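Here is a note to read beside the model. Take the points in order, and keep the structure open as you go.

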Amino acid sequence: MSLSVNKNAKALRKGFLSDRRIEMKKILLMTAAFVLVSAGAAFAQEGAMEGKAEAASEAPAPERVRAEIINAESELVGEATFTQGPIGVLATIKLKDMPPGPHGMHIHTVGMCDHADHFKGASGHVNPGGKEHGYLNENGPEKGDLPNIIVAEDGRVEVELFLPQFNISGEGTVLMDEDGSALMIHESPDDHKTQPIGGSGARIACGLIQNISQGE
Ligand SMILES: [Cu+2]
């Protein structure tokens, strides 16, 4: 664009176009047309960029969230991933350095894992329906109830679990609600019946469920 303007200016200085007014008109018309086309293209591009900005402001729902699991000494002992499926969430949980044997495990309502307050900040089990605790309780279960994990003698355990009662985000019961949620592991087995936590005792490990990238 600027090149053709320069050419025109040079030509004008030489008096070349003064003898050829018709040619000049043609060139000017062509230049004007080019300006219009350029302006149109720029406008279209701006529109496209605005569209992109709008899409970015509505962040897409996360399809996978993670939790780094810490023990009561705040040491990292494992991790969990929660992947959204067509109905519900598929979880994988890997732990090490845990006391062998069965341990109660639940989704607690608040995304907070502070070992200094014995993970109490995570509050109780997710239970929007006001049910009683336990899979084997006729007035249960709570949505946050999960099966026990059974840690091997070497302190490790790895499980895959389907949580049809949860979605990661959106409507209904979701892991990523306003105050988040936490995966909690207790000292003792959950009998799936006794109130309020199946007799599973102290909170020994906690994973804050977060929308963070895989990092792998
Ligand atoms: Cu619990």
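1. Start with a term. Two strands pair if DSSP finds at least two bridges between them. By that rule strand S2 (residues 76–84) pairs with S3, in the antiparallel sense and over seven bridges.

2. Now the overall picture. This is a predicted model. The protein chain has two helices and nine strands. Read from the N terminus, the order of elements is α-α-β-β-β-β-β-β-β-β-β. Of the 216 residues in the protein chain, 29% are buried. Take the contacts between residues at least 6 apart in sequence: 58% of them join residues at least 24 apart.

3. Next, the sheet. Seven strands build an open sheet, ordered S5-S8-S9-S1-S2-S3-S7, with antiparallel pairing. Its edge strands are S5 (105–108) and S7 (157–163), and each of these pairs on one side only. From one strand to the next, the twist averages 20 degrees.

4. S5 runs antiparallel to strand S8 (residues 182–186), and four bridges join them. Histidine 106 has methionine 184 of S8 as its bridge partner.

5. Which residues of S3 point to the buried face? They are Val89, Ala91, Ile93 and Leu95.

6. The hairpin of S2 and S3 has four residues between the strands. In this hairpin, glycine 88 takes a positive phi near 85 degrees.

7. Last, a loop residue. Isoleucine 197 sits in the loop between S8 and strand S9 (203–210). Why does isoleucine 197 count as buried? The cut-off is 20 or more other C-beta atoms within 10 Å. Isoleucine 197 has 21 C-beta neighbours inside 10 Å, so it counts as buried.

8. Where do the contacts of isoleucine 197 lie? Leaving out residues up to four places away in sequence, isoleucine 197 touches Gly104, His133, His186 and Asp190. Compare sequence with space for one more pair. Isoleucine 197 and glycine 134 are 63 residues apart in sequence, yet their C-alpha atoms are 7.7 Å apart.

Note on methods: Residues are numbered from 1 along each chain as its sequence is written. This is a predicted model: local features need pLDDT of at least 70, side-chain atom pairs count only at pLDDT 80 or more; totals for chains, interfaces and linings use all residues. Axes are lines fitted to C-alpha atoms, for helices over the stretch in contact, and angles run from 0 to 180 degrees between N-to-C directions. A residue is buried if 20 or more other C-beta atoms lie within 10 Å of its own, exposed if 12 or fewer, and partly exposed in between; C-beta atoms are placed from the backbone. Two residues are in contact if their C-beta atoms, placed from the backbone, lie within 7 Å.
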